[in-house]
Amino acid sequence: MPTDRRSQGRGLRPCLPLVALLAALAGSPASAQSTPPSGRLLAAQCAQCHGTNGRAVGGFESIAGMKANDLYKSLLEMSRRRPENIMDLQARAYTPAQLRLIAEYLATLPRARD
Amino acid sequence: MSNRRTFVKMAALAAAGWSLSRPLAAQMARPRVVVVGGGFGGATVAKYLKLWGGNVDVTLVDRASSHYACILSNLVITGALPISRIQLGYQSLKTNRGVEVLQGEALTVDPVARELTVQVGSGRQTLPYDRLVLSPGVEFTPPVGRYDPVLTPHAWKAGPQTLLLRDRLRAMTANQTFILTIPKSPYRCPPGPYERACAVADYLKRRKRGARVLVLDANAGIQAEPRNFGNAFAGIYKDVLTYVPDSTILSVDSDTGVLVTTQGSFTGDVVNIIPEHRAGQLVIDTGLANDPTGRWAVVDPLTYASVAEPDIHVLGDSQGTGQPKSGHMANSQAKVCADAIIRAFNGETPDPAPVTSSACFSPITSSTASWLTASFQYDPATRTMKRVDASFAEASRPTSDGMQQMFQWADNIFADSFA
Ligand SMILES: Cc1cc2nc3c(=O)[nH]c(=O)nc-3n(C[C@H](O)[C@H](O)[C@H](O)COP(=O)(O)OP(=O)(O)OC[C@H]3O[C@@H](n4cnc5c(N)ncnc54)[C@H](O)[C@@H]3O)c2cc1C
């Protein structure tokens, strides 16, 4: 294992924009992507049941690539009806604006094959 | 290996006409994250750092070559499931996600040099990091007395302990007593001990005539799903199960199976002691268990960075935000942490409004299960994760649908964390 990167590590933080700039100039994706798509982190909290990137490995529905409006409407309805199942409670965790972000993000993902 | 990658990158840059002084070359290194603990928190953070982070080097360190999930482990104890059902390997993280996996015991952290020392076989390796993530689960505080976890297994970390308790339960004869002790909260999986009590009671009722379960709870009452567990204790299991609240263990003798508690002395044929919990030893040794009890790590819930060492993140059971200690929650926090680390590498601030959740499914009988769920929103005023009360509930009753959902949920959370 390398042990000689200590000074490199220490220098990393303050100089990140420079790293990104250099990387971009060099045509290399070295450091980083830009700001994560909004909704991605929130939508990742669906994955424990609905699978990574909205593709369930079985049982629960895959939610990747659904129409944003349809998904938003059903999430909103779940959050407002009398709670019957675990999903109705999970939907209550989020504000309507957050539910919209989740629906819009999931809509950008490729639809899972059944 | 990262030396080689760094070299390749530098060579490519040099070829592209860049002449690099050493400090600049140094800055071109890929950011490096080391994760300790390949359980629910650690596996998930490693996976999502690669999934979302692009060019971040991630090394996952665990002492074992695979992880045994506690989730579903009560059904291994009753023999309903084979142990292989809860064995989760790291192969997919390696081959599909590009995580480096190192089997070894993480020994010490040097937060100034930013290095983790790991015992690997008979040698030691030093892993430099830009960020270190600790998700080592829990450590147990042994009870006073002649305590031996082999004679009186906890089975509260899955694996060999699960099999020990399974074999002890299997070997019970008619009219014997199984004692289960529950530690003071917080402990991992709030409904877990009551779920175990039900699983054992169901097993004894069906297999061991006249045998009984005695539940000695250090807490004043049932800590989770009071309706479903309360109904089960007072209903279907009333002839085989006795529940004694406020019974704190004063001393233990694992040889004789005698427990002295604040509610008197009890003797069991099988004694399942779940000791008090604290953060993983590495968190304690690194000085990060800095909450008022000295047991859990105080972290910023926007990043899970320790307030004492901002380059070290602590998540899952070891952190002390007050969110429940569950695998679902560890997975949930790991995503917030991965997102925040990637943003930090990009010079960005963390997401200001993360949401986390927890879900536990508990078998109540051999054909029904209940569930418990709660979600948390960040509250900027107190800088804490606050429970969204409308999202917090237990199932109205145990059902066979619940049992089916439990297995579906387990499949998905296993894959979302480990595949
Ligand atoms: C009986 C039972 C039932 C449960 N049921 C549920 C449930 O239904 N739903 C739910 O969400 N949760 C459940 N849980 C809780 C869940 O198992 C834990 O909350 C979860 O595993 C915590 O994740 P973690 O990453 O903090 O720790 P863990 O998953 O325990 O992972 C810690 C890992 O770190 C490794 N490690 C520790 N220290 C070192 C070191 N120094 N060097 C190398 N490796 C190290 C260990 O080997 C281990 O693999 C249950 C728990 C129990 C006991």
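Buried residues, meaning those under 20% relative accessible area (1.4 Å probe, protein chains only), account for 46% of the 114 residues in chain A. This is a predicted model, where local features need pLDDT of at least 70, side-chain atom pairs count only at pLDDT 80 or more, and totals for chains, interfaces and linings use all residues. Residues are numbered from 1 along each chain as its sequence is written, chains are lettered from A and ligands numbered from 1 in the order in which they are written, and side-chain values use heavy atoms, with hydrogens and water left out.

Chain A has seven helices and zero strands, counting DSSP runs of H or I with at least four residues as helices and of E with at least two as strands, numbered from the N terminus.

Now for the ligand. Its shell holds 33 residues, and B:Gly41, B:Asp62, B:Ser135, B:Arg188 and B:His328 come nearest; being in the shell takes a heavy atom within 4 Å. Polar contacts here are pairs of N or O atoms within 3.5 Å, and three of them look like this:

| Residue and its atom | Ligand atom | Distance |
|---|---|---|
| B:His67, polar side-chain atom | oxygen | 2.9 Å |
| B:Ala106, backbone N or O atom | nitrogen | 2.9 Å |
| B:His328, polar backbone atom | oxygen | 2.8 Å |

The protein covers 95% of the 1000 Å² of accessible area that the ligand has on its own. Elements of chain B that each give the shell at least two residues include helix 3 (40–53) and helix 10 (327–345).

Key:
A polar contact is a pair of N or O atoms within 3.5 Å; within protein, one must be able to donate a hydrogen and the other to accept it, and residues adjacent in sequence count only if both atoms are side-chain atoms. Accessible areas come from the Shrake-Rupley method with a 1.4 Å probe; for residues, only the protein chains shown count as cover. Buried means under 20% relative accessible area, exposed over 50%, partly exposed in between (1.4 Å probe, protein chains only).
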